[in-house]
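Student: I would like to learn how to read a structure file feature by feature. Please give the general idea each time, then the case at hand.

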There are 2 protein chains.
Amino acid sequence: MPNAKYDHQEAINKATRLFWAKGFHATSMRNIQQAIDMRPGSIYATFGSKEALFSKAIQHYTSTSKDRLNAYVESSTSPLTGLKKFIEDSIAGGQTSAPSTMCMLVKTIAELTDDNADLLAEAKRLLQDLESAFADVLARAQKMGEVDAARSPEYLARYLQMQIMGLRTYAHMQGSKEQVMELIDGVFHSLTGQEHLSP
Amino acid sequence: MPNAKYDHQEAINKATRLFWAKGFHATSMRNIQQAIDMRPGSIYATFGSKEALFSKAIQHYTSTSKDRLNAYVESSTSPLTGLKKFIEDSIAGGQTSAPSTMCMLVKTIAELTDDNADLLAEAKRLLQDLESAFADVLARAQKMGEVDAARSPEYLARYLQMQIMGLRTYAHMQGSKEQVMELIDGVFHSLTGQEHLSP
DNA sequence: TTTTATCTTGAACGATCGTTCAAGGGTAGT
DNA sequence: ACTACCCTTGAACGATCGTTCAAGATAAAA
């Protein structure tokens, strides 16, 4: 790119934050143009369409989320405490003031229909990716005896994924940070308690 | 109304199902016109605006949900089994083939922003109403010894509300009905188990 | 400096959005 | 049969949607 004026990665980053905050339909291409300071011609030459840009956005979101999870797990004394820190940070929001406490992928599958079948399918696939990342962490936690080994990491990850969806959505609905933290503690007690996870 | 051609209640019912399936933004007034077989003039004379009609819709949804919950609780051998049947029916969907496994109010707070501040606030308020209904049921379950009495019904309802949000959203993401039912069982084990709910 | 290739610009397009309103239709009361 | 009143109709409005494209700007190659 001999004549590249814009930083495409930074553009995707800003577009991601905007889509995350407002959703797919409520974010107009004119909003995007203003946020990333590009004119329609450049945007369409670079990304192709609103759908394609949104696709880049949810991919970027997922990649960043995975990185953040792994960073917490690596820098913590144990996989499980790293996992908890990741969840608390996702909801309470550290310095990285996120556009929403809700998961961007959950917002996406909540909003989109078959009118955007490709995006919907991809959001579901990316959520499965994140679930796999949870399974990896939980498998490591099992080997360290932090979590009941009688249940498969896949089941535990499924359970955790569902809990995180609920927690982040609940946090978006209700203001009290204290009560949400209490719910997080409740979730982790049910996760470490061995006898109450099995169906 | 000496000259009323349309059944307004049935119109609200159909509009609710459409909004529930497609969300606020993706549902156009022309979609509504077709679904309820009314022309724009009549719709606006009756309901005032798209926002006002959507407000009626989420109120109707909440009212129906509460009725369905109470019906399950009354017709069951115990409050807790009624609660579980309500949840299973909400997700698996009985004969009432719902437009979505996801909670309409969750979809609403996931999609809307401050651009529709009134609707957003009302959806949150209606979710609190449902949480109160859960608290009533859980208090009755406590008196019957089905649920740990050491925790307040308000906390338990908060916990349950969060779980339902997660369960229904997860069910919408992932196809396997079997795995979702397994998760529901897991939730109820954590709800009945006394030692693992406290933070 | 001139040419060439690449990227950017912004006006403009057709489609669709939520909404309005003058005109028409139908029922009830006289 | 006539009036009065309510409800319904559907064309039309301005705004905004996602997207396109000819023209201009810019930097590397010759």
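**Reading the annotated regions**

Tutor: Over residues 28-47 of chain A, 80% of the chain is helix and 0% is strand, with the end C-alpha atoms 15 Å apart. Helices (H or I, at least four residues) and strands (E, at least two) are DSSP runs, numbered from the N terminus. An unreviewed UniProt entry places the feature "DNA-binding region" at residues 28-47 of chain A. UniProt positions are given in the numbering used here, feature names are shortened, and annotations may be inferred rather than shown by experiment.

Student: What should I know about the model and its numbering?

Tutor: This is a predicted model, in which local features need pLDDT of at least 70 and side-chain atom pairs count only at pLDDT 80 or more, while totals for chains, interfaces and linings use all residues. Residues are numbered from 1 along each chain as its sequence is written, chains are lettered from A and ligands numbered from 1 in the order in which they are written, and side-chain values use heavy atoms, with hydrogens and water left out.

Student: Where does UniProt place the "coiled-coil region" of chain A?

Tutor: The unreviewed entry puts that feature at residues 109-140 of chain A. Over residues 109-140 the chain is 84% helix and 0% strand, and the end C-alpha atoms are 30 Å apart.

Student: How many helices and strands does chain A have?

Tutor: Chain A has 9 helices and 0 strands. From the N terminus on, its elements run α-α-α-α-α-α-α-α-α. The C-alpha trace of chain A spans about 60 × 35 × 35 Å along its principal axes.

Student: How do I read burial and contacts for a chain?

Tutor: Buried means under 20% relative accessible area, exposed over 50%, and partly exposed in between (1.4 Å probe, protein chains only). In chain A, 52% of the 199 residues count as buried. Contact means heavy atoms within 4.5 Å. Among the contacts in chain A between residues at least 6 apart in sequence, 67% join residues at least 24 apart.

Student: Is Q33(A) buried or exposed?

Tutor: Q33(A) counts as buried because its relative accessibility is 18%. Q33(A) sits in helix α2 (residues 29-36) of chain A. Apart from neighbours within four places in sequence, Q33(A) is in contact with M38(A), P40(A) and I43(A).

Student: What is the phi of D37(A)?

Tutor: Phi of D37(A) is near 55 degrees, a positive value in a residue other than glycine. D37(A) lies in the loop between α2 and α3 (40-47) of chain A and is partly exposed, with a relative accessible area of 44%. In chain B, D37(B) has a positive phi of about 55 degrees although it is not a glycine. D37(B) lies in the loop between α2 (29-36) and α3 (40-47) of chain B, and is partly exposed at a relative accessible area of 45%.

Student: Why can charged side chains pair?

Tutor: Side chains of opposite charge can pair when their charged atoms come close. A salt bridge is a side-chain nitrogen of Lys or Arg within 4 Å of a carboxyl oxygen of Asp or Glu. Over all chains, the structure holds 18 salt bridges.

Student: Which of them cross between chains?

Tutor: One of them pairs D115(B) with K22(A), the closest N and O atoms being 4.0 Å apart. This pair crosses between chains, from the loop between α6 (104-111) and α7 (117-143) of chain B, where D115(B) lies, to K22(A) in helix α1 (residues 8-22) of chain A. D115(B) is exposed, with a relative accessible area of 56%. Another salt bridge joins the side chains of R151(B) and E182(A) (3.5 Å, N to O). That pair also crosses between chains, from R151(B) in the loop between α7 and α8 (153-173) of chain B to E182(A) in helix α9 (residues 177-192) of chain A. E182(A) counts as partly exposed at 22% relative accessibility.

Student: What about a pair within one helix?

Tutor: The side chains of D129(B) and R125(B) meet in a salt bridge (3.8 Å, N to O). Both residues lie in helix α7 of chain B, 4 residues apart, about one turn of the helix. D129(B) is partly exposed, with a relative accessible area of 27%, and R125(B) is partly exposed at 43%. In chain A, salt bridges that share partners join E122(A), R125(A) and D129(A) into one network.
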